[in-house]
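Me: I'd like to learn how to read a fold from its model. Can you walk me through this one?

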Amino acid sequence: ASEYKLVIRVVLRGLPSDTTLNVEDLVRSCTSDVGTSLDEEDVFTLSQYIKANKGKDTLFIMDGYDEFPEELQEISLVADILNGKTLPQSSFIITSRPRASVPLHDKIDRRIEVSGF
């Protein structure tokens, strides 16, 4: 049995650079860099499931936090998820260059650093 029913890879550099991000944007972003896309009905259905369950059974992989605009790191849906204000039952993994991740240290349970890239 799997711990998660949904795994959503959010390519942070590809998100709209404003504070009006919504769950639908996060779901849409999961296929944006692989040349495919979900139809809007699927985006809506998945987004409704995530919101109705407050993120339970959902793992967000926040890819490229260091490439996410600094102003959105404080005020955006992504910040609200990381702070537990929105979708409080969701889990997340953040990828980032080490220096950019320092502000996140108080929000995370475990930190792994890969050396040698």
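Predicted model: local features only at pLDDT ≥ 70, side-chain atom pairs only at ≥ 80, totals over all residues.

Me: Which order do the helices and strands follow along the sequence?

Reply: Start by listing the elements, then read them in order. Here the protein chain has four helices and three strands, arranged as β-α-α-β-α-α-β.

Me: And how do I judge how compact the protein chain is?

Reply: Compare the radius of gyration with what the globule rule gives. For these 117 residues the rule gives 13 Å and the model has 14 Å, so the chain is as compact as a globular protein of that length. The C-alpha trace spans about 40 × 30 × 30 Å along its principal axes, and 33% of the residues count as buried.

Me: What do the contacts say about sequence separation?

Reply: Take contacts between residues at least 6 apart in sequence, and ask what share joins residues at least 24 apart. In this chain that share is 64%.

Me: Which residues have the most contacts inside the largest nonpolar core?

Reply: Look for buried nonpolar residues joined through their side chains. The largest such core has 23 residues, and Phe60 and Val78 have the most contacts inside it. At least two residues each come from β1, α1, α2, β2 and α4, with α4 giving the most, four.

Definitions and conventions
Residues numbered from 1 in each chain as written. Heavy atoms only, no water. Rg over C-alpha atoms; globule rule 2.2 N^0.38 Å. Buried < 20%, exposed > 50% of the residue type's maximum accessible area, 1.4 Å probe, protein only. Contact = heavy atoms within 4.5 Å. Core = buried A, V, L, I, M, F, W, Y, C linked by side-chain atoms within 4.5 Å.
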